[in-house]
Amino acid sequence: MSIPEHLKDVALIVPDKRIVGFCRQKGVESICFYDDVRHSNSIRAGNDIFINTRGTYWANYILSPWNAKSLAETIFLRILHEIGHVVNNHPGDVGIINARLILNRKPDYWENAFLGHEGEAWDYAFKFKQDSKNEYNEYVEILKSWVNTHIFVNRDWDEKYTDQFFKVFQFGIEEQNERFPVPQWVRDRFAYLKIC
């Protein structure tokens, strides 16, 4: 495994063997978690993936089209996204960092997040979530156990998705479609999700 230079001083965590086995079945050579606020992105180095498990920004995944309801689900979506790069044979080298998921709601963000390789990787994650619901939920439950027992460096987020959403965005989740409308081309790109 090649550890990216900027992660060499970060404690890497080997996830549950069931998560490791799932990733290997999909072509990932190795997977590590890390808990570090300085490096908010999950990254891929070749077929090795490094998943940031911090919950600081998990409210971004509560929004459409991700629709996560827990930090554990957010972590699994991050894993699936990186697997999407691997199964699609996207180029990936040590130090190349995927687009951040801190939503600033500018049109170029949507293009950066959902066009090209990023769009293909999210398409893989969303289709797995939709087409393999039981397996998806099983891995989310495994990760919920991990989240509940892991001693995070600094737990600066809420576990309940409605509380985390309000904490970050300062309004209720029921207002998300009005305040953060998903562009029509994103709705069309992921039409199978039936985004409201």
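Author: Gladly, and a definition comes first: helices (H or I, at least four residues) and strands (E, at least two) are DSSP runs, numbered from the N terminus. This is a predicted model, in which local features need pLDDT of at least 70 and side-chain atom pairs count only at pLDDT 80 or more, while totals for chains, interfaces and linings use all residues. Residues are numbered from 1 along each chain as its sequence is written, and side-chain values use heavy atoms, with hydrogens and water left out.

Reader: Which element gives the largest share of the lining of the largest pocket?

Author: That is H4, with three residues. On a 1 Å grid over the protein atoms alone, a pocket is an open set of points with protein on both sides within 12 Å along at least five of seven lines, a cavity is a set where a 1.4 Å probe fits but cannot get out, and lining residues have an atom within 4 Å of a point. The largest pocket has a volume of about 170 Å³, where volume is the space filled by probe spheres set on the points, joined across faces, edges and corners. Among the 14 lining residues, Ser64, Asn67, Leu193, Lys194 and Ile195 are the closest to its centre.

Reader: What lines the second largest cavity?

Author: Its lining is Asp36, Val37, Ser40, Asn52, Arg54, Thr56, Tyr57 and Arg78, around about 50 Å³ of space.

Reader: Why is H2 called oblique to H5?

Author: Helix H2 (residues 71–87) and helix H5 (residues 133–149) pack at about 120°, with their axes 8 Å apart. Axes are lines fitted to C-alpha atoms, for helices over the stretch in contact, and angles run from 0 to 180 degrees between N-to-C directions. Under 35 degrees counts as roughly parallel, over 145 as roughly antiparallel, 65 to 115 as roughly perpendicular and the rest as oblique. The angle of about 120° therefore makes H2 oblique to H5.

Reader: And what makes H1 roughly parallel to H2?

Author: Helix H1 (residues 17–25) and H2 pack at about 25°, with their axes 10 Å apart, so H1 counts as roughly parallel to H2.

Reader: Which residues of H1 and H2 meet?

Author: Ile19, Phe22 and Cys23 in H1 meet Phe76, Ile79, Leu80 and Ile83 in H2, where contact means heavy atoms within 4.5 Å. By class, this contact has seven nonpolar, no polar and no charged residues; Ala, Val, Leu, Ile, Met, Phe, Trp, Tyr, Cys and Pro count as nonpolar, Asp, Glu, Lys and Arg as charged, and the others, Gly among them, as polar.
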